[in-house]
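Student: I would like to learn how to read a model such as this one, feature by feature. Could we go through it together?

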Amino acid sequence: MEQFTEINIKGMVCNRCIFTIKELLQSHGYPVEHVALGKVIFAKPVDSTEKGSIKQLLSLLGFALITDRNEQLLSQIKQSIEEWLSKNGDGARTAKLSSYLSGQLGKNYDSLSEFFVTHEGNTIERYAIALRIEKVKELLVYTDLSLSEIAFKTGFSSAHHLSFQFKKTTGLNTSAYKPLRSVKLKAREAMETM
């Protein structure tokens, strides 16, 4: 019977996903060593039957196992982009995204880029910007940070560059998101008083 020490999971997008999946698997007796975005590494191998059970558990939460090689590489690229973005926040400047991806995945960036466009229908750069814009939206709504501070925190070169990319990506100005803060806070306060 085939044994697995690692599985790849589609649909993991945040730290909450990591926590949820780790808790789920451990509560069902699976020996989890490490969970990262898109990946679970087991402390001891699981067999095909257990993998089938894990697949069913994950599907209850809206996640799916990745079994196709193309899907797996796509997941690895996305995971590496997210890692690169987290390392480039707060003014940190690591390697360029292209160099980082090549180093992480051991493949030529041009072939990774072509593969990504073919399978995702978007460029790596546009995908990375979209992820950064999602973080900007979150910071605009849930913090009191200035636009310059948000630009610094999300790796944009300036507030102007951030505003330009935000408008280009969403079709809206950053100022359109600021009023949502008070709406979200009121909703949160209403939930807490219930």
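Student: How many bridges join strand 1 to strand 3?

Tutor: Helices (H or I, at least four residues) and strands (E, at least two) are DSSP runs, numbered from the N terminus, and two strands pair if DSSP finds at least two bridges between them. Here strand 1 (residues 3-10) and strand 3 (residues 39-47) run antiparallel and are joined by five bridges; Gln3 stands opposite Asp47, and Glu6 has Ile41 as its bridge partner in strand 3. Please keep in mind that this is a predicted model, in which local features need pLDDT of at least 70 and side-chain atom pairs count only at pLDDT 80 or more, while totals for chains, interfaces and linings use all residues. Residues are numbered from 1 along each chain as its sequence is written, and side-chain values use heavy atoms, with hydrogens and water left out.

Student: In what order do the four strands stand in the sheet?

Tutor: The sheet is open, its order is 2-3-1-4, and the pairing is antiparallel. Strand 2 (32-36) and strand 4 are at the edges with a single partner strand each, so one side of each has no neighbour in the sheet.

Student: Which strands does helix 1 lie across?

Tutor: To read such packing, contact is taken as heavy atoms within 4.5 Å, and axes are lines fitted to C-alpha atoms, for helices over the stretch in contact, with angles from 0 to 180 degrees between N-to-C directions. Helix 1 (residues 15-27) lies across strand 1, strand 2 and strand 3, and runs at about 155 degrees to strand 2.

Student: Is Val40 buried or exposed?

Tutor: Buried means under 20% relative accessible area, exposed over 50%, and partly exposed in between (1.4 Å probe, protein chains only). In a regular strand the side chains alternate between the two faces of the sheet. Val40 has its place in strand 3 and is buried, with a relative accessible area of 0%. Leaving aside neighbours within four places in sequence, Val40 is in contact with residues including Thr5, Ile7, Ile9, Ile21, Leu25 and Val32. Val40 and Ile9 are 31 residues apart along the chain, while their C-alpha atoms are separated by 7.7 Å.

Student: Where does Ala176 lie, by comparison?

Tutor: Ala176 lies in the loop between helix 8 (159-170) and helix 9 (178-193), and is partly exposed, with a relative accessible area of 39%.

Student: What lines the largest cavity?

Tutor: On a 1 Å grid over the protein atoms alone, a cavity is a set of points where a 1.4 Å probe fits but cannot get out, whereas a pocket is an open set with protein on both sides within 12 Å along at least five of seven lines; lining residues have an atom within 4 Å of a point. Grid points are joined across faces, edges and corners, and a volume is the space filled by probe spheres set on the points. The largest cavity, of about 30 Å³, is lined by Asn8, Gly38, Lys39, Ile66, Gln72, Ser75, Gln76 and Gln79. Helix 3 gives the most to this lining, with four residues.

Student: How many residues line the second largest pocket?

Tutor: The second largest pocket, with about 260 Å³ of space, is lined by 15 residues, and Ile9, Lys10, Gly11, Ser75 and Lys78 lie nearest its centre. Helix 3 gives the most here too, with six residues, and strand 1 and helix 3 (69-87) each supply at least two.

Student: How many helices and strands are there in the protein?

Tutor: The protein has nine helices and four strands, and of its 194 residues 37% count as buried. Among contacts between residues at least 6 apart in sequence, 59% join residues at least 24 apart.
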